[in-house]
Amino acid sequence: MIPWLFISGLLLMVYGIINGLFYAPSDYQQGDAFRIIYVHVPAAYISMMAYSLMAFAAFIALIWRIKIAHAVIVSAAPLGAWFTFLALLTGSLWGRPMWGTWWEWGDPRLTSELLMLFLYLGYMALRASIPNITKADKLSAILILIGAINIPIIHYSVEWWTSLHQGSTLLKSGGPSIAAPMLYPLLASIIGLSLFFGSLLLIRTKAEVLKREKHSRWIKDMILGDEV
Amino acid sequence: MPKKLSLIAGFMAMFRRDLLQYIKSPSQLLNPLIFFIMITAAFPFAVNAEKAQLVQIGPGIIWVMAILSYLLTLHHLYLDDAEDGCLDYIILSPQPLPLLVLAKICAHWISSGLPLIIISPIIGIIYQMQVDTILIMIATLFFGTFALSLVGSIGASLTISINNSNILVSLLVLPIMMPVLIFGARTIELYQSGATTMSGLYFIGAYCMFALSFSPFASAAALRIGAD
């Protein structure tokens, strides 16, 4: 399963990015700079998907007490944080030539993405400071759920806040009108990066489960079975 | 057989006991307040203290510093009880734990939030606010500090089993509190510039009610797990 996901994800990503970077026509307004979209949009999309996945897993873990759900959350968190960081980084690299600024406090998407990064970091900080693993699992799952309730609130509060603001400085991305030759590579890189994320997640979850169950019988059998 | 206390009697007993504890150690209450006054008074020294500028930065600084000094009080919420063992009895008591948690939160708000609101007009005067602006500020702080007590209770209960958890609590609570900060500060600012302010107040009130609906349950769950 993992190699299939990994390889197909990598292929789609390569297809998307090569097509996006070299073959898609340049945007009439933004020129070639818009091409960062092929990294930016997938990363931003995954940063949100990873959090919803973690929230879903936290829900399952707290209600049905399924152990593997905790392992999934633990493995997803650093990945999600990295993709959030990547989305912010590429976003500000993109913003520099387009909007003339690295960072714009007035834009709701930037600020809510930043707050999401803080939620990821808070989660990891909480985890890292509780030595007892079952306790850390349950407490951090509660935190994830609280954060999940708050994400829409944070998002809309930032959005309403700017609409309260006199809207003159509100910046819009130059809006590449998505034509087919631009769209397909974008879709490919979104799906490709998601598969890539999925495969990384599975690898990490596998390692996490092995680490957690290191004293259990089936792992001993598995390893010895391989050797014999 | 011991007499069974009604829910309201249980709530009141917890509330009164916590309030007494706070009153018995006034320095715990006063230090954050003094910190709040000193740090807000430090800003006009540090930046060029022209009147127009103070009016401009005042609401934001007051709100950020109110949250900051409030975060310093959060560890009294459960940590003192956890250290002397009272918390275990509270958890084991026949009263529903979310109710007792709510009583503790209310006592904490009265002993930390209310004094902050009472001294806030002084800070408002330092920042050259008009009397009606100060009233608006008090209204936002009223709901805002209560929401802070509620959300902070989640952060404090998640970290009771950790030593030196003060910074960690701030890391967990700050991103969740961001909507209140945004609207609190913006409402005062908008009022100063002559716009309508009710929408911001409604938002903080709604956030407060929302936090009221889930915070006692989340805190109670976290306390149970933490005390295992």
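Student: Which residues have the most contacts inside the largest nonpolar core?
Tutor: A nonpolar core is a set of buried Ala, Val, Leu, Ile, Met, Phe, Trp, Tyr and Cys residues joined through C-beta atoms within 7 Å, and the largest one here has 111 residues. Buried means 20 or more other C-beta atoms within 10 Å of a residue's own, exposed means 12 or fewer, and partly exposed lies in between, with C-beta atoms placed from the backbone. The residues with the most contacts inside this core are A:Ile73, A:Ile142 and B:Ala147.

Student: What pLDDT do local features need?
Tutor: A word on labels: residues are numbered from 1 along each chain as its sequence is written, while chains are lettered from A and ligands numbered from 1 in the order in which they are written. This is a predicted model, where totals for chains, interfaces and linings use all residues, side-chain atom pairs count only at pLDDT 80 or more, and local features need pLDDT of at least 70.

Student: Leaving aside neighbours within four places in sequence, what is B:Ala147 in contact with?
Tutor: Contact means that the C-beta atoms of two residues, placed from the backbone, lie within 7 Å. With those sequence neighbours set aside, the partners of B:Ala147 are B:Val180, B:Ile204, B:Tyr207, B:Cys208 and B:Ala211.

Student: Where does H9(B) bend?
Tutor: Helix H9 of chain B covers residues 198-226 and reaches 40 Å from its first C-alpha to its last, close to the expected 42 Å (1.5 Å times one less than its number of residues). A proline, B:Pro216, follows within four residues of the bend. The angle is about 35°, taken between axes fitted to the seven residues ending at a position and the seven starting there. The bend sits at B:Phe214.

Student: Which helix gives the most to the side of chain B that touches chain A?
Tutor: The contact takes 24 residues from each of chain B and chain A. On the side of chain B, the elements that give two or more residues are H7 (131-158), H8 (166-192) and H9. With twelve residues, the one that gives the most is H8(B).

Student: How much of chain A is buried?
Tutor: Chain A has seven helices and zero strands. Among its contacts with a separation of 6 or more, 78% are between residues 24 or more positions apart. Of its 228 residues, the buried part is 36%.

Student: Is A:Arg65 buried or exposed?
Tutor: A:Arg65 is in the loop between H2 (37-63) and H3 (67-99) of chain A. Its phi is near 50°, a positive value in a residue other than glycine. Most residues other than glycine have a negative phi. Because 10 other C-beta atoms lie within 10 Å, A:Arg65 is exposed.

Student: What separates the C-alpha atoms of A:Arg109 and A:Tyr156?
Tutor: A:Arg109 lies in H4 (residues 108-129) of chain A, and counts as partly exposed because it has 15 C-beta neighbours inside 10 Å. A:Tyr156 is 47 residues from A:Arg109 along the chain, and their C-alpha atoms are separated by 9.9 Å.
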